[in-house]
Amino acid sequence: MQSIIARELKLKYHPVAIIFSEHKPENAHQFRENKWGCAMAHYNIAMKLGKAAAFDRKTYGCIGSGVGLCLGNTYEKNREFMENLLCEEEGYLKSHELVRDFMDNFPYVDIPHQYVIFKPMEMVEAQEETPALISFPVNPDQLSALVVLINFGRPGNEHVAAPFCAGCQSVCVMPYNEIDKEYPRGIIGNLDLSSRKILPPDILTFTVPFKTFIEMEESAPQCFFQKKTWIQIAERLEKNDE
């Protein structure tokens, strides 16, 4: 699957398709069963190396990844651990009460599929599989373009969100919760300090439901990509890659 947006953004890394499936790609990277691991490490493999990764309910890595990958409420049996982690160890929330509030009000999803797959978008066979989500690894210039583009054909100006959540949650469960909305928002991610250690320091993510990706692709030939401002920024992007 090719993308006008990816071409115009001069992306350094592969856009990542998130696919829910009963089958995993041959030779997909996968954690060992019931072993800790950060799902964003596999996002890194897909975006940097152009290789597929897969998760299931025994190989999702850490507790937050189970939640983040739409595999249900994996916090439920680990609440005390999560309270201590987010409040005491990581210092991400001020009190245990706020951690409990975060867990109680999280928009959990439990997909009716065996596997969650991270796959470079170019590897997606459009006739055989439809991604649930498309995630772009972007620098600030490229992120700015995506924020403008998602608003291009829509009323209003609140079509992007940057929620407090884990890195994997920002590329899977949070954008998944946008799917049924009239105007699904783009989710800015990799704002999690823990996942920032894993992805390159200049990279954030911008993730949208697949139907929103199609909407943005259709807008791409009509929008600012051929205008003076973006052409100047694109030249800067090309120079930075040299």
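Colleague: Which strands does helix 2 lie across?

Modeller: Bear in mind that this is a predicted model. Helix 2, residues 39–49, lies across strand 1 (16–21), strand 2, strand 3 (115–120), strand 4 (133–138) and strand 7 (204–209). Its direction is at about 35 degrees to strand 3.

Colleague: And helix 10, which strands does that one touch?

Modeller: Helix 10 (residues 210–219) packs on the sheet and touches strand 4 and strand 7. The angle between the directions of helix 10 and strand 7 is about 100 degrees.

Colleague: Back up a bit. What's the strand order in the sheet?

Modeller: The order is 2-3-1-4-7-6-5, seven strands in an open sheet with mixed pairing.

Colleague: How many bridges join strand 5 to strand 6?

Modeller: Two, and these strands run parallel. Strand 6 covers residues 186–189. Alanine 161 has isoleucine 187 of strand 6 as its bridge partner.

Colleague: Switching to helix packing. At what angle do helix 6 and helix 10 cross?

Modeller: Roughly 90 degrees, with the axes coming within 9 Å. Helix 6 spans residues 140–151. The crossing angle falls in the 65 to 115 range, so helix 6 counts as roughly perpendicular to helix 10.

Colleague: Which residues make the contact?

Modeller: Helix 6 contributes Leu146, Leu149 and Ile150, and helix 10 contributes Thr212, Glu215, Met216 and Ser219. By class, that contact has four nonpolar, two polar and one charged residues.

Colleague: Now pockets. What volume does the largest pocket have?

Modeller: About 680 Å³. Its lining has 33 residues, with Cys62, Leu85, Glu90, Asp192 and Ser194 nearest the centre.

Colleague: Which helix gives the most to that lining?

Modeller: Helix 4, with four residues. Helix 3 (63–68), helix 4 (79–89), helix 7 (167–171) and helix 9 (193–196) each supply at least two.

Colleague: How do the lining residues divide by class?

Modeller: The lining of the largest pocket has 21 nonpolar, nine polar and three charged residues.

Notes
Residues numbered from 1 in each chain as written. Predicted model: local features only at pLDDT ≥ 70, side-chain atom pairs only at ≥ 80, totals over all residues. Heavy atoms only, no water. Pairing = 2+ DSSP bridges. Contact = heavy atoms within 4.5 Å. Axes fitted to C-alpha atoms, helices over the stretch in contact; angles between N-to-C directions. 1 Å grid on protein atoms, 1.4 Å probe; cavity = no way out; pocket = protein on both sides within 12 Å on 5 of 7 lines; lining within 4 Å. Points joined across faces, edges and corners; volume = space filled by probe spheres on them. Nonpolar A, V, L, I, M, F, W, Y, C, P; charged D, E, K, R; others polar. Parallel < 35°, antiparallel > 145°, perpendicular 65-115°, else oblique.
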